[in-house]
Amino acid sequence: MSVLRTVVISPIRLYQRVISPALPRSCKYEPTCSHYAAEAIRTEGVLRGLVLGAWRILRCNPWSHGGYDPVSAQRLFRPRRSSPSS
């Protein structure tokens, strides 16, 4: 994982380890919004990952149905084309 991704994920990990345990669970999705954001940044890159994480947080509200919503099922961006192996 690149240094930039690690730096961007660090505040999310800090939230997960320090702040989140002190709060009641309120995320209606699985994986939780913070885990989703970290996974999105790790798999999609910093810019796309931050957009996907922000979009997930906006969708996590009292009127949402929630449920299982992995990063691999995102529909905001087209899938990246894999480079041809030569």
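Which residues lie nearest the centre of the largest pocket? In this predicted model, Tyr 15, Cys 27, Thr 32, Cys 33 and Ser 34 do, out of a lining of 21 residues. The elements that contribute two or more residues to that lining are α1, α2 and α3 (46-59), and the space within the largest pocket comes to about 430 Å³. By class, the lining of the largest pocket consists of 12 nonpolar, 8 polar and 1 charged residues.

The protein has 3 helices and 2 strands, which follow one another along the sequence in the pattern α-β-α-α-β. Taken along the principal axes, its C-alpha atoms fill a box of roughly 50 × 30 × 15 Å.

Helix α1, which spans residues 3-19, packs against helix α2, residues 33-44, at an angle of about 170°, and their axes are 10 Å apart. Since an angle over 145 degrees counts as roughly antiparallel, α1 and α2 are therefore roughly antiparallel to each other, and α1 passes α2 in a left-handed crossing. On the α1 side the contact is formed by Arg 5, Val 8, Ile 9, Ile 12, Arg 13, Tyr 15 and Gln 16, which meet Ser 34, His 35, Ala 37, Ala 38, Ile 41 and Arg 42 of α2. The residues of this contact divide into 7 nonpolar, 3 polar and 3 charged. Tyr 15 and Ser 34 both take part in this contact, and both are also among the residues nearest the centre of the largest pocket.

From α2, the contact draws on Cys 33, Tyr 36, Ala 37, Ala 40, Ile 41 and Glu 44, while α3 supplies Val 46, Arg 48, Gly 49, Leu 50, Leu 52, Gly 53, Arg 56, Ile 57 and Arg 59. Sorted by class, the contact of α2 with α3 has 9 nonpolar, 2 polar and 4 charged residues. Within α2, Ala 37 and Ile 41 belong to the contact with α1 and also to the contact with α3.

Note on methods:
Residues are numbered from 1 along each chain as its sequence is written. This is a predicted model: local features need pLDDT of at least 70, side-chain atom pairs count only at pLDDT 80 or more; totals for chains, interfaces and linings use all residues. Side-chain values use heavy atoms; hydrogens and water are left out. Axes are lines fitted to C-alpha atoms, for helices over the stretch in contact, and angles run from 0 to 180 degrees between N-to-C directions. Helices (H or I, at least four residues) and strands (E, at least two) are DSSP runs, numbered from the N terminus. Angles under 35 degrees count as roughly parallel, over 145 as roughly antiparallel, 65 to 115 as roughly perpendicular and the rest as oblique. A crossing is left-handed if the near helix is turned anticlockwise from the far one by less than a right angle, and right-handed if clockwise. Contact means heavy atoms within 4.5 Å. Ala, Val, Leu, Ile, Met, Phe, Trp, Tyr, Cys and Pro count as nonpolar, Asp, Glu, Lys and Arg as charged, and the others, Gly among them, as polar. On a 1 Å grid over the protein atoms alone, a cavity is a set of points where a 1.4 Å probe fits but cannot get out, and a pocket is an open set with protein on both sides within 12 Å along at least five of seven lines; lining residues have an atom within 4 Å of a point. Grid points are joined across faces, edges and corners, and a volume is the space filled by probe spheres set on the points.
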